[in-house]
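This briefing covers the pockets of one protein model and a patch on its surface. Look over the sequence and the structure before reading on.

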Amino acid sequence: MSSQPRPTNNFDSLRLILAVLVILSHAFPLSRGSNDTEPLYELTRGQTTLGNLSVWGFFAISGFLITQSWTRSPKVAGYLRRRIGRIYPGFIVLALLSVLILAPLAAGPGHRWSTTPWRFIADTLRLQSFDMPPVFEANPSPNALNGSLWSIPYEFWCYIMVMVFGLLGLLRRRWFLVALLVEVVGLHAYLDWSGWHPGGKLFGEMFGYPLFWVTVLPFFLAGMIFNLWGGKALFRADIAAVSFLLLVVSYFVPYGAMLALPTVGAYALLWLAQTRRLNFLHLGRYGDFSYGVYLYAYPIEQFVQMYSGGRMSPLLLFCISAPLSLAAGAASWFLVEKHFLSKSARLKHEGVDVSSAGKELLRAVGSDGRGGASTPR
């Protein structure tokens, strides 16, 4: 058996590419104080950024894979164990490093903390950023220790949604999910058109800002729908080509991108995840570093900018920060994340083929036998 078998999909590769694109996108506001010169922001006349597109891609991929995880093993205890084990260990280590090392270094002397141990614990359990003193005050984007963390609780709540829908039998009602997708996209369009930005109050405190929900939920729902409507067999090169074309055209139609991105855009991305044409990348051969990269890249960019005196150009900031972030992501994977995954997920990244002969090994070691899918996050 080869030590590095040919991958059966490109989910790990795409997630790592998306994480690196987030680093590139953030390099512009972290260098210049705004997104005005960010490449995709300029190209789309302010409609989106590479960072936004990448985060939405994460949600579409997660919707596809997490739904697959539940339908293959619809057991609450096992499902929650996998989801908590994938999100919380890496996040908790980052939170501890942030409060003990990163924030004090970024704040400098003379600043007092505005948080308490109990509030820190509560915020960490809720996957929220903790209160902190002023940080990176001389940087172009001051007082932001880790601007990437906002999406983590939304993704975890999406995991809970899949479980609840599964228990209620709603995953068998695909048209219900389609109707929900249409409603959320319609609400997003209405909020954008009306300029109404509801604060959420108690809902926002518990579950997240409503305006963020209408932005990310359509992509997760699209991933769910594509998985339930046929999975891998649904994706064809000719339809993907038309999807890419419609996606480009949508940016020239009012509210077109808002409709196209979570539909044809999600389809095109998930086709890329399934096509054999990208198998050669095999960026997940040593592990899924994307989550760690996403967790640590923002503070790394801020520190690089701080130690440069706040004058570093976006491209130079990216070129220095990207390798450091990849190293941090690899460290997070090897030192923390992989130890909380199922046996099948660990063996997959250690080069064991879990899609064919490797299933015998998985049965021998007592795995849950979820097989050849990429590790869901």
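A pocket here is an open set of grid points with protein on both sides within 12 Å along at least five of seven lines, and its lining residues have an atom within 4 Å of a point. The model is predicted.

**Largest pocket**
- The largest pocket holds about 1,000 Å³ of space.
- It is lined by 41 residues, and Q47, T48, N52, W56 and T215 are the closest to its centre.
- Helix α9 contributes the most to this lining, with seven residues.
- At least two lining residues come from each of α1 (11-32), α3 (50-72), α7 (174-194), α9 (210-228), α11 (256-274) and α12 (290-307).
- By class, the lining of the largest pocket has 25 nonpolar residues, 15 polar ones and one charged.

**Second largest pocket**
- The volume of the second largest pocket is about 570 Å³.
- Its lining has 26 residues, with L40, L53, L247, Y251 and L261 the closest to the centre.
- Two or more residues of this lining come from each of α1, α2 (39-43), α3, α10 (237-250) and α11.
- The lining of the second largest pocket divides into 21 nonpolar, four polar and one charged residues.

**Nonpolar surface patch**
- A nonpolar patch on the surface is formed by I92, L96, L97, L100, I101, L105 and Y307, which together have about 680 Å² of accessible area.
- Helix α4 (residues 76-107) supplies the largest share of the patch, six residues.
- L96 is part of helix α4.

Notes. Residues are numbered from 1 along each chain as its sequence is written. This is a predicted model: local features need pLDDT of at least 70, side-chain atom pairs count only at pLDDT 80 or more; totals for chains, interfaces and linings use all residues. Side-chain values use heavy atoms; hydrogens and water are left out. Patches are made of residues with over 30% relative accessible area and no salt bridge: like charges are joined within 9 Å, nonpolar side chains (Val, Leu, Ile, Met, Phe, Trp, Tyr) within 5 Å. Accessible areas come from the Shrake-Rupley method with a 1.4 Å probe; for residues, only the protein chains shown count as cover. A salt bridge is a side-chain nitrogen of Lys or Arg within 4 Å of a carboxyl oxygen of Asp or Glu. Helices (H or I, at least four residues) and strands (E, at least two) are DSSP runs, numbered from the N terminus. On a 1 Å grid over the protein atoms alone, a cavity is a set of points where a 1.4 Å probe fits but cannot get out, and a pocket is an open set with protein on both sides within 12 Å along at least five of seven lines; lining residues have an atom within 4 Å of a point. Grid points are joined across faces, edges and corners, and a volume is the space filled by probe spheres set on the points. Ala, Val, Leu, Ile, Met, Phe, Trp, Tyr, Cys and Pro count as nonpolar, Asp, Glu, Lys and Arg as charged, and the others, Gly among them, as polar.
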